[in-house]
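Biologist: I have a structure open and want to learn how to read its contacts. Can you take me through them?

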Amino acid sequence: MSNVDLILPLLIVVPLLAATLPIALGLRFDRTGWAVAAIATLGLFAAATALASVVYTDGLVTHTLGGYPREYGIELVADRFSTMIALLVTAVAVGILAYTRRGGPRGNTFYTAYLLLVGGLLGITLTGDVFNLFVFLEITSIATYALVASGDGPESAVASLKYLILGTVAASMYLIGVAFLLMATGTLNMIELATAIPAAERPTLIRTAFAFIVVGFAVKVAQWPLHTWQPSAYQQAPDGVTPLIAALVSTASAYAFGRLIVTVFGVDYLAAMPNAAAIVVTVGCVSVLAGTALAVIQTEVKRMLAYSSVSQFGLVIAAYGIVIAGNSGAAKTALTGATIHLVGHGLLKAGLFLAAALVATSYGARTVHEYAGLATHRPVIAGAMAVLLLSLVGVPPGVGFVGKWYIALGAVQSQLWPVAAVVFLSTMLTLGYAARLLEKMYFTPLRVESPAEPGPVATDGGSDADDPSEVGSAERSTDATASETVVPVTASSRAAPETVSVGMVAVVVLAALCAVALGFAGGTFADLLEPFLTEVIS
Amino acid sequence: MIELLSSHYTYVLLFALLGIGIYMVIASENLVKKLIGVNLFQTAIFLFFISMAYINVEGASAPVVPNEKNPGELLVASPLPHVIVLTAIVVGIALTAVGLALIIRIYAEYGTLREDTLREVRADE
C-alpha cells in the first residue's frame, strides 16, 4: 500500500489553503480567482476519483494526522459510504464552477468562499472524529452564510442572518450532544465511541446526547418545523450559488447524521433505545408531507424547489428511522436507499437550480407563471429540466426512483406501513408541483405581452439593462427555433449571446444525463455499498 | 431535590446561562442582542466542557501545571476539553464576526437594528 492515505488530508487542506489565494493574489492581479478555483477543484475531483478507485477495491482508507494514534490524535477515514459523498461533492463543485465561469457571481471573494465551502464539505465527509465534525460543519456554514449574503438585494443579508442564528444554535445543540458523549465515554473518535457507547455506565447521558444531536441535525438538514431558514436562504442567494448550497450543504449534514447513527451510536444500540426510531421516523415523515404540501402552493420556482428539498431530506431521515427500527435486512435496504437518495437528490437539485438560474438569466422568468411557453423558446433547457423534474418525482429511469424504491422497500420489509404510505403520497404530491411546472413549460402558450413584464424582472436585480433586449431575444429565438429545429443549443445561445453560453446549457444537460445514467446504475450503488452495510449492520 | 441542585450547582448555573442565551435569541427584537444571546449560549456550552474535565479527577489541577498540594503526584484534569473549547471559541469568534458584518449590512440597507421595525420596513417595500 503506497501513500494513498495522504489523499485524505490533501482533500481537506488543499481547498482551505487555496481559499486564501484568490484574495491574496487579488491584491496584485485582477483575474486569478477562477484559475485558482478551477485548478484546485479539478485536482480535488481527480483525487476523489483516485481515492474512490482504491476504496472500492481495497476497502477502508484511514489517515492519522501527524502520526498520533487514534486515542490522542485526529483520524480521517474514507470508507464506501463517505467516498460516495466525497465524489458527489467534488463532481457537483466542478459542474458549478464551469457554470459560474459565465453565469454566476465571479469576483475573488466568491471563489474564496466557494473553496472554503468545498473544503468544509470534504472535511465533514472524511473526518473520523465527532468534534472535528462540528468544526467542519461550522466552516461549511460560515462559507454558506457569506455566499447567501452575496446576493444582490438587501433581503439576502436578512435571509443570511436568519440562517446564521438558526444554524449556530443548531450546531451548538450538536456540540452539547458531543459534550454529553464525551462525559459518558471520555473519547471523541468515532470508532472508539462505537465500542465505548454500548459499554457506557450511564445510558441516560447517551440518550441525552442523541436527543440533542437529533435536534441539531433536524435544523441543519431543514426538517419541518425547523426548516424556516432554508427557503429564504435558497431564494435570496445568487442564482449561481443556490445550486451549490442546495445540492451539497444539507446533503453533507444528512450524511453526517447517517454516519453518527450507523457508525457512532450503532444500529443495535439505537434499536434498544426507547422511542428513538419512532421519533426519527416521525420527524422524517412529517417533513416529507409538510415539505411537499408547502412546495405545491409556492409560486416562485426557486422557493418551490427549496421546499421540495425539505421533503426529499425528510425521506432520507425517514429512511434513517427505518434503519434504526428495522430488522437487519430492512435496515440494509433503507440505508442503501438513503445513500442513493442523498447522491441522487444532490445531483438533481444542482441540475434543477442551475436550470432555474439559466432560465432566469436568459428568459427573465422566476415564477411558475412566467415559465409559460418555455419549451418552445428554450427546448434544450426545458427538456433537461423536464428530465430532472420527472426524475425528482421518481419516474423509473431517473435516479430519484431508485432511492425511493429502496426506501419504500425497506419500509415494507420492516412492516412500517405508514412510511411506505408516506413515500407513495409524497410521490403524488411531488408530481403535483413538478407537473404544474411541466404543464406551464410545455402546454401553456406564451402570452403576447409576456415573458418579461417590467415588474418581476426589475425586482430580480442585475438584469435591468437587459430588459428591452430580453423581450426581443425571446421573440427572436422563436423564429430561430422554428427555422432551425436541428441544433437548438446554438439557437438558444444565439438568442442571448451575452448571458447564456453553450457551456452553461451543457452543464445542465449533463446533469440531466447523469440523473438518468445513475438511475440505471442503481444496482451498482447497492453492490458498492454492500460490504459497508454488512460491517455496520450485523 | 435541593440537595441535588446544590451539589450540582455548576450545572444549574451553566444551564441557566444556556437558557438566558436561548431566550435572548428568541425573545429579543434587537439583532445585536440576538447575537449576544447566541454567544451566551455558546459560552455556556464551553463552560460545560471545561467543568467536565474535572469530573472524574478529585482535586486535580489545571492541565500541564504540576499539582502543588501533592508535588510527587501529577494529577491534572483532562486536557482534551480545554483543547476542544479553544477550537470552539475560534469558531464562535468567526461566527460572531460574520453575524456582525451581516447586521452592519442590514443596518446600512434598512436603517434599523430592531426586528419588528425591519419587518414593517420590508412589508412596505
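Biologist: What area is buried between chain A and chain B?
Modeller: This is a predicted model. Buried area is the accessible area that two parts lose on being put together, summed over both. Here the area buried between chain A and chain B is about 2,900 Å². Carbon and sulfur atoms give 84% of that area. In contact terms, 31 residues of chain A meet 35 residues of chain B.

Biologist: How many salt bridges and polar contacts cross the interface of chain A and chain B?
Modeller: The rule finds zero salt bridges there. For polar contact, the rule finds two residue pairs across the interface, both at pLDDT 80 or more.

Biologist: Which elements give two or more residues to the side of chain A that touches chain B?
Modeller: Helix H6 (130-149) and helix H7 (155-185) of chain A. H7(A) gives the most, with 19 residues. By class, that side of chain A divides into 22 nonpolar, six polar and three charged residues.

Biologist: Now a helix pair. At what angle do H11 and H15 of chain A pack?
Modeller: Helix H11 (residues 242-265) and helix H15 (residues 328-363) of chain A pack at about 170°, with axes 7 Å apart. Angles over 145 degrees count as roughly antiparallel. So H11(A) is roughly antiparallel to H15(A).

Biologist: Which residues make the contact?
Modeller: From H11(A), they include Ala246(A), Ala254(A), Tyr255(A) and Val262(A). From H15(A), they include Leu342(A), Gly346(A), Lys349(A) and Phe353(A). The contact of H11(A) with H15(A) has 11 nonpolar, three polar and one charged residues.

Notes. Residues are numbered from 1 along each chain as its sequence is written. Chains are lettered from A and ligands numbered from 1 in the order in which they are written. This is a predicted model: local features need pLDDT of at least 70, side-chain atom pairs count only at pLDDT 80 or more; totals for chains, interfaces and linings use all residues. Side-chain values use heavy atoms; hydrogens and water are left out. Contact means heavy atoms within 4.5 Å. Buried area is the accessible area (1.4 Å probe) that two parts lose on being put together, summed over both. A salt bridge is a side-chain nitrogen of Lys or Arg within 4 Å of a carboxyl oxygen of Asp or Glu. A polar contact is a pair of N or O atoms within 3.5 Å; within protein, one must be able to donate a hydrogen and the other to accept it, and residues adjacent in sequence count only if both atoms are side-chain atoms. Helices (H or I, at least four residues) and strands (E, at least two) are DSSP runs, numbered from the N terminus. Ala, Val, Leu, Ile, Met, Phe, Trp, Tyr, Cys and Pro count as nonpolar, Asp, Glu, Lys and Arg as charged, and the others, Gly among them, as polar. Axes are lines fitted to C-alpha atoms, for helices over the stretch in contact, and angles run from 0 to 180 degrees between N-to-C directions. Angles under 35 degrees count as roughly parallel, over 145 as roughly antiparallel, 65 to 115 as roughly perpendicular and the rest as oblique.
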